[in-house]
Amino acid sequence: MTEIAKIIRVSGTVQGVSFRFYTQCEAEKLGVRGYARNLPDGRVEVLAEGEAARVRQLVNWLRQGPDTAVVNGISEEEVAPTGHHGFETG
């Protein structure tokens with residue numbers, strides 16, 4: 001099982017619409033670790049770490065997000081896994 005980590009930055013109407021909460025629910029369902037946090041510029045940053053296929057599933061979900069959000073785009077950056085435990089919102 002190959003573990004990977006990505007930082008994904010999601011733009012659009014993604015703050016004030018429970019985006020981080022729904023991202024946490026989806027990540028926990030997939031067994032992906034990391035965090036979701038608001039950025040000052042209105043985007044949400046997600047660190048997704050775990051089994052490669054599951055991280056890719058979360059990235060695909062982030063392209064749409066929850067029904068409450070409007071995702072205009074995402075950027076992805078491969079990073080080294082950090083050994084995160086669980087999934088946090090901040």
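**View 1. The open sheet has five strands.** Their order is β4-β1-β3-β2-β5, and the pairing is mixed (strands pair if DSSP finds at least two bridges between them). At the edges are β4 (70-79) and β5 (87-89), each pairing on one side only. Neighbouring strands are turned by 15° against each other on average, direction ignored (axes are lines fitted to C-alpha atoms, for helices over the stretch in contact, with angles from 0 to 180 degrees between N-to-C directions). Helices (H or I, at least four residues) and strands (E, at least two) are DSSP runs, numbered from the N terminus. The model is predicted: local features need pLDDT of at least 70, side-chain atom pairs count only at pLDDT 80 or more, and totals for chains, interfaces and linings use all residues. Residues are numbered from 1 along each chain as its sequence is written, and side-chain values use heavy atoms, leaving out hydrogens and water.

**View 2. Strands β2 and β3 pair in the antiparallel sense.** Six bridges join residues 33-38 to residues 44-51. N38 has V44 of β3 as its bridge partner.

**View 3. Helix α2 (residues 52-62) lies across β1, β3 and β4.** Its direction is at about 155° to β3 (contact means heavy atoms within 4.5 Å).

**View 4. The rings of F19 and W61 form a tilted pair.** Their centres are 6.2 Å apart and their planes at 40° (rings of Phe, Tyr and Trp, its six-membered ring, pair if their centres lie within 6.5 Å; planes under 30 degrees apart count as stacked, over 60 as edge-to-face and the rest as tilted). F19 lies in helix α1 and W61 in helix α2, so the pair ties together parts 42 residues apart in sequence.
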